Amino acid sequence: TIRRLKKVSRKAEDNGIILGIESWLSAEEHMEIISAVGSPNVKVYYDVANSHKMGYNIYEEIRWLGKKHICEFHAKENGYLLGQGRIDFEEVKKAIDEIKYEGWIQIEGAVPEKADMFDSYVLNNKYLRSVLGT
């Protein structure tokens, strides 16, 4: 992974492209990769549900990585509407505010079993906007 990211990161830098890593790794493991690659264009695409499921303290990880190392967020609650699962999005908002992150937050995978996807995403969008204040 590091070898390949080193190879493509040069092209990304030349073209103003950010390469976002979304994975099940901890913040520390992401930083090991980012440090080894050595490119400011390789960052973390932070997925709160993946990290929470792995047992990481997502609120501390967001603060530790900071906006320097996070390119985007996934707002996700596998099997639940946002705000009805295990992620405390009020705390996510506090962490995002503390690092002064102003980028994209994508809604993904927040549809309860047998629920309508469109209706779920309308509710998720409304909820997330109420929390984020947008």
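Helices (H or I, at least four residues) and strands (E, at least two) are DSSP runs, numbered from the N terminus. An unreviewed UniProt entry gives residues 2-110 the annotation "domain: Xylose isomerase-like TIM barrel"; UniProt positions are given in the numbering used here, feature names are shortened, and annotations may be inferred rather than shown by experiment.

The model is predicted: local features need pLDDT of at least 70, side-chain atom pairs count only at pLDDT 80 or more, and totals for chains, interfaces and linings use all residues. Residues are numbered from 1 along each chain as its sequence is written, and side-chain values use heavy atoms, with hydrogens and water left out.

**Nonpolar core**

- The largest nonpolar core has 29 residues, of which Tyr-46, Val-48, Ile-62, Ile-70, Phe-73, Phe-89 and Val-92 touch the most other members.
- Two or more residues of this core come from each of helix 2 (27-37), strand 2 (42-47), helix 4 (58-69), strand 3, helix 5 (89-99) and helix 6 (117-132).
- Such a core is a set of buried Ala, Val, Leu, Ile, Met, Phe, Trp, Tyr and Cys residues joined through side-chain atoms within 4.5 Å.
- Buried means under 20% relative accessible area, exposed over 50%, and partly exposed in between (1.4 Å probe, protein chains only).
- In soluble globular proteins, nonpolar side chains tend to be buried together.

- Phe-73 sits in strand 3 (residues 70-76) and counts as buried because its relative accessibility is 1%.
- Apart from neighbours within four places in sequence, Phe-73 is in contact (heavy atoms within 4.5 Å) with Tyr-45, Tyr-46, Val-48, Ile-62, Ile-96, Tyr-101, Trp-104, Ile-105 and Gln-106.
- Phe-73 and Ser-39 are 34 residues apart along the chain, with 20 Å between their C-alpha atoms.
- With neighbours within four places in sequence left aside, Val-92 contacts Val-48, Ile-58, Tyr-59, Ile-62 and Ile-87.
- Ile-58 belongs to helix 4 and is buried, because its relative accessibility is 0%.
- Not counting residues up to four places away in sequence, Ile-58 touches Tyr-46, Val-48, Ser-51, His-52, Ile-87 and Val-92.
- Between Ile-58 and Met-117 there are 26 Å, C-alpha to C-alpha, at a sequence separation of 59 residues.

**Cavity and pocket**

- On a 1 Å grid over the protein atoms alone, a cavity is a set of points where a 1.4 Å probe fits but cannot get out, and a pocket is an open set with protein on both sides within 12 Å along at least five of seven lines; lining residues have an atom within 4 Å of a point.
- Grid points are joined across faces, edges and corners, and a volume is the space filled by probe spheres set on the points.
- The count comes to one cavity of 30 Å³ or more, and the largest cavity holds about 60 Å³ of space.
- Its lining consists of Val-48, Phe-73, His-74, Ala-75, Phe-89, Val-92, Ile-96, Ile-105, Leu-128 and Leu-132, with strand 3, helix 5 and helix 6 each giving two or more residues.
- This cavity lining divides into nine nonpolar residues, one polar and no charged.
- Ala, Val, Leu, Ile, Met, Phe, Trp, Tyr, Cys and Pro count as nonpolar, Asp, Glu, Lys and Arg as charged, and the others, Gly among them, as polar.
- The largest pocket has a volume of about 290 Å³; of its 14 lining residues, Gly-103, Ile-105, Leu-128, Leu-132 and Thr-134 are the closest to its centre.
- Helix 5, strand 4 (105-108) and helix 6 each give two or more residues to the pocket lining, and the largest share, four residues, comes from helix 6.
- The pocket lining holds seven nonpolar, three polar and four charged residues.

**Positive phi in two lysines**

- Most residues other than glycine have a negative phi.
- Lys-100 has a positive phi, near 60°, and lies in the loop between helix 5 and strand 4.
- Lys-100 is exposed, because its relative accessible area is 57%.
- Lys-114 also has a positive phi, of about 70°, and its place is in the loop between strand 4 and helix 6.
- Lys-114 is exposed, because its relative accessible area is 81%.
- The C-alpha atoms of Lys-114 and Gly-79 are separated by 9.7 Å, with the two residues 35 apart along the chain.
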